[in-house]
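The structure comes first, then a reading of the contacts.

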Amino acid sequence: MATRPERPHYESRIMKHLAEYRDADTARRLAAEIGRIATRPWAIMEVCGGQTHSIIRNGIDQLLPRGSDRGVELIHGPGCPVCVTPLETIDRALAIARRPGTILCSFGDMLRVPGSREDLFAVKAAGGDVRVVYSPLDAVKLARRHPEREVVFLAIGFETTAPANAMAVKVAAEQGLRNFSMLVSHVLVPPAIAAIMQAAGNRVQAFLAAGHVCSVMGTWQYPPLAREWRVPIVVTGFEPLDLLEGIRRAVVQLEAGRHEVENAYPRAVTERGNEAAQQVIAEVFTPVDRAWRGIGVIPASGWRLADAYAAYDAEQRFDLGGITAVESPLCRSGEVLRGMLKPDQCPAFGRECTPRTPLGATMVSSEGACAAYYNFRQARDSAHV
Amino acid sequence: MSDGPASACPLPLRDYAHVVLGHGAGGALSRDLIEGIFLPAFSNEWLDQRGDSAVLDSTGLSSGTALDIARHLGNAGRLAVSTDSYVVRPLVFPGGSIGDLAVHGTVNDLAMSGARPLVLTAGFILEEGLAIAALATIVERMARAAREAGVVIVAGDTKVVERGHGDGLYINTAGIGVVPPEVRLGNEPVRPGDVVLVSGTIGDHGLAIMSVREGLEFDAPIASDTAPLHGLVSTMLAACPGIRLLRDPTRGGVAASLNEIAALASVGIEIDEDAVPVRPAVAAACEILGLDPLLVANEGKLLAIVPAAAADAVLAAMRAHPRGRDAVALGRIVAAHTQLVVMRTAIGGTRVIPLPLGEQLPRIC
């Protein structure tokens with residue numbers, strides 16, 4: 001056997017790199033500094049579901065100063081693409097998955113999101129061909145391997161997943177595949193920030209912008225928002241130290257009365273972003289008004305396939321227009337998402353709506369504000385029995 | 001539970017009209033099947049204890065046959081019985097095969113009762129078209145695993161299903177072992193102050209399988225930890241005959257097992273994130289795939305709940321055994337937050353580790 005070239009272990013490099021951003025002592029020092037800086041109560045929204053995941057997973061919110069006079073409250077924003085995908089899109093995906101001869105491909109965590117009556121797991125159990133893929137290009141490969149079947153990819157996500165989804169459509173077009181299409185429900189961060197600031201009774205005073213979205217799109221979209229709404233926006237990463245540093249910078253700005261865009265995630269984000277990715281997105285997608293589960297329609301807050309790629313649009317290929325869905329009138333997740341309602345102030349909380357029977361976005365995801373609250377409330381209640 | 005269906009509510013997930021994959025994942029959906037269908041039909045004093053295996057002792061026996069068995073054994077010990085079925089793709093993976101799992105899984109279920117495994121039965125369900133050479137390889141590995149574990153396969157069965165009706169090969173094994181009379185495992189209930197031990201790194205088996213399926217390549221490939229644990233258990237029982245409880249955290253991982261323990265014993269469990277042993281390659285693969293190692297299956301690890309006074313002695317005994325070299329204290333049993341597992345995070349926060357619902361799904365973000 002030929003000698004293998006020496007190279008450092010890939011896996012130990014990954015973990016060493018991550019360990020630098022998870023150091024407990026530095027985390028506690030940063031949290032203490034935030035406690036020293038904050039002289040008033042502040043409400044900061046982390047936009048991205050990945051950030052919420054990290055906050056809950058590491059217990060970051062518990063390190064922050066708490067109290068009505070000078071606490072820092074984190075409001076978990078609408079940035080989990082799984083949770084904000086509208087009921088209607090889920091129902092359409094379910095309808096496609098039920099069609100004989102069709103393969104529906106999706107990212108894993110979409111499978112358990114309930115539509116009006118069931119989820120993709122149930123359709124799979126009843127004979128539908130539903131497959132989990134890690135990349136939309138895997139779905140394109142499936143289409144090439146099964147020319148006799150329709151292969152549909154459920155393309156959801158923020159700007160982060162858009163370049164790969166756009167590439168998949170381009171590749172399918174280059175290969176002349178006629179049996180591949182996408183059910184697109186892409187959503188965008190900047191319009192959501194504007195919608196939150198516009199809402200009556202808004203409590204959000206600063207944003208942690210989603211680091212991975214900005215690694216694709218850059219930071220150039222955010223200064224107009226910061227100016228218009230006089231709100232600090234700090235581009236923030238996902239590890240504990242990234243998040244604490246993002247929060248620290250937001251509090252420093254709030255205390256000083258500034259409202260600027262700051263990049264606290266420079267190892268991944270530049271002002272211009274990934275321009276090649278932006279080009280592919282601009283070629284394949286076009287802006288569209290998009291409904292967000294629990295919030296409603298936000299103008300120009302999503303992408304659909306551009307007209308040049310209409311042949312790959314599952315909405316056009318299959319007759320789905322008749323499928324509409326009405327969200328539960330009991331669900332008040334929109335108010336929870338904006339930080340205007342605490343989860344347990346919702347009359348449906350813990351009754352009609354639980355993690356196993358979720359009504360809205362914030363209970364669907366295990367990191368949604370309502371689901372997290374449900375788990376912790378159980379913990380707190382049983383501690384006092 | 002108050003989460004009944006309401007008119008405006010989507011179909012409650014637990015009311016699936018058909019079996020979904022999650023029903024087999026060892027989480028809350030699996031529990032639904034057990035509590036909703038199997039226990040009501042089969043209920044008896046052994047099954048209702050819901051251990052990894054049943055120990056047929058003569059206390060409180062109502063069944064004549066079992067009473068006879070217990071009487072026959074007399075002072076020689078108590079009979080332990082268990083069964084498990086094995087479905088895994090690929091059939092051969094780094095560190096093992098379905099044949100190794102079929103031996104180790106049932107041996108370990110018996111070992112968790114403190115039993116010395118003696119005999120196994122093996123049932124094979126073969127799919128039309130399976131290569132005879134592949135079957136022979138797996139059976140050879142199974143025979144070797146049985147020899148190494150010191151168990152004899154004393155009865156078997158073979159069925160063939162039509163092409164497309166099986167995943168190449170399924171195996172069921174059942175096992176019988178004897179719990180030596182001096183073993184007092186489980187005599188005393190789990191109580192606050194007890195210590196939670198784990199015998200080594202977690203997540204190795206599940207990630208070995210997933211890395212193959214997803215085509216992930218690492219410089220040092222992740223190998224399954226599949227291994228028999230009864231030797232380790234007997235070493236531990238020699239150090240502390242009064243171990244409160246043993247579990248092998250297979251499907252659903254450490255998270256599911258700890259939640260089961262918390263629920264059955266009606267205690268709280270607190271674990272320390274810093275203490276959770278995970279190999280760097282497994283941790284890296286979990287980062288890439290968006291998985292939590294606490295929810296990933298193990299096939300050669302055990303969790304032990306031991307009295308605090310004996311924890312150091314048991315840990316030392318484990319570390320002296322090849323299957324427990326990386327054993328650590330993971331956390332403790334607490335009186336607070338009954339029936340919940342809470343993790344103290346590395347940076348000083350806490351989070352609840354819930355019972356997984358069904359299969360763990362890769363996260364999109």
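How many residues of domain 1 of chain B are in contact with domain 2 of chain B?

## Chain B: the domain contact

The model is predicted. In it, 18 residues of domain 1 of chain B are in contact with 22 residues of domain 2 of chain B. Helix H3 (98–111) and strand S5 (116–127) of chain B each give two or more residues to the domain 1 side. H3(B) provides the largest share of that side, 7 residues. By class, this side of domain 1 of chain B holds 10 nonpolar, 6 polar and 2 charged residues.

## Chain B: the layout

The assignment for chain B places domain 1 at 75–179 and domain 2 at 195–352. Over C-alpha atoms, the centres of domain 1 and domain 2 of chain B are 24 Å apart.

## Chain A: the layout

Chain A is assigned domain 1 (25–81 + 195–263), domain 2 (83–189 + 275–317) and domain 3 (333–383). The centres of domain 1 and domain 3 of chain A, taken over C-alpha atoms, lie 22 Å apart.

## Chain A: domain 1 against domain 3

Domain 1 of chain A brings 17 residues to this contact, and domain 3 of chain A brings 9. On the domain 1 side, at least two residues each come from strand S1 (42–48), helix H3 (49–58) and strand S2 (72–79) of chain A.

What classes of residue make up the side of domain 1 of chain A that touches domain 3 of chain A? That side has 9 nonpolar, 7 polar and 1 charged residues.

Note on methods:
Residues are numbered from 1 along each chain as its sequence is written. Chains are lettered from A and ligands numbered from 1 in the order in which they are written. This is a predicted model: local features need pLDDT of at least 70, side-chain atom pairs count only at pLDDT 80 or more; totals for chains, interfaces and linings use all residues. Domain bounds come from an automatic or database domain assignment. Two residues are in contact if their C-beta atoms, placed from the backbone, lie within 7 Å. Helices (H or I, at least four residues) and strands (E, at least two) are DSSP runs, numbered from the N terminus. Ala, Val, Leu, Ile, Met, Phe, Trp, Tyr, Cys and Pro count as nonpolar, Asp, Glu, Lys and Arg as charged, and the others, Gly among them, as polar.
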